[in-house]
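Before this model is used further, please read the following notes alongside the coordinates. They take up confidence, then the sheet, then the helices.

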Amino acid sequence: MIERAKREDLPAILSLQRLAYLSEAELYDGMAIPPLTQTLEELEQDHREGVVLIVVEGGDIVGSVRAKRDGDSVRIGKLIVHPSAQNRGLGKRLLLEAERLWPDAARAELFMGHRSTKNLAFYRKLGYEPFKERLVDERLTLVFLEKRLPKRERRDEE
């Protein structure tokens, strides 16, 4: 079941994030990528400024995603699933739920590093298309993807 994270969930989310992003850091030669260096205070700010969704199984958080409204866009970030819980559709469910948080939003946007081919394929399969790239340095180019969202009726708050 997907639910909104509470403040007390944030340390567990940060631990899961560090575990989930180790494989990404390896793609970039052990680079100290932001998901591995993010502090609890920074995650608390993400929580205050947007929505953090989680999936809990057996009392443990096994997945999470962040979303924030920015004009007509939903900015999605740090979609993570515990390695032992991957390939079961949890990431897809989290992403789709994040897209539905603001029913009147026109698009969803996210970004990742250019070497993250598995993730790029995952997002493309779900309707995301690259629309720009930004060179960070010789080891990293950020790829920005977007998806047009259908107009929906506003859901009742749960």
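1. pLDDT is the predictor's confidence in each residue, on a scale from 0 to 100, and it is the place to begin, since this is a predicted model. Among the elements of the protein chain, helix α2 (residues 22-27) has the lowest confidence, with a mean of 89, while strand β3 (residues 60-70) has the highest, at 98.

2. Over the protein chain the mean pLDDT is 93, and 96% of the residues reach 70 or more.

3. Seven strands form an open sheet with mixed pairing, in the order β1-β2-β3-β4-β5-β7-β6. Because β1 (2-4) and β6 (129-137) stand at the edges with a single partner strand each, one side of each is left without a neighbour in the sheet. On average, and with direction ignored, neighbouring strands of this sheet are turned by 25 degrees against each other.

4. How many of the ten residues of helix α5 (residues 90-99) are buried? Seven are, so that the helix is mostly covered; the buried residues are Leu90, Gly91, Leu94, Leu95, Glu97, Ala98 and Glu99.

Terms used: Residues numbered from 1 in each chain as written. Predicted model: local features only at pLDDT ≥ 70, side-chain atom pairs only at ≥ 80, totals over all residues. Heavy atoms only, no water. Pairing = 2+ DSSP bridges. Helix = DSSP H or I, 4+ residues; strand = E, 2+ residues; numbered from the N terminus. Axes fitted to C-alpha atoms, helices over the stretch in contact; angles between N-to-C directions. Buried < 20%, exposed > 50% of the residue type's maximum accessible area, 1.4 Å probe, protein only.
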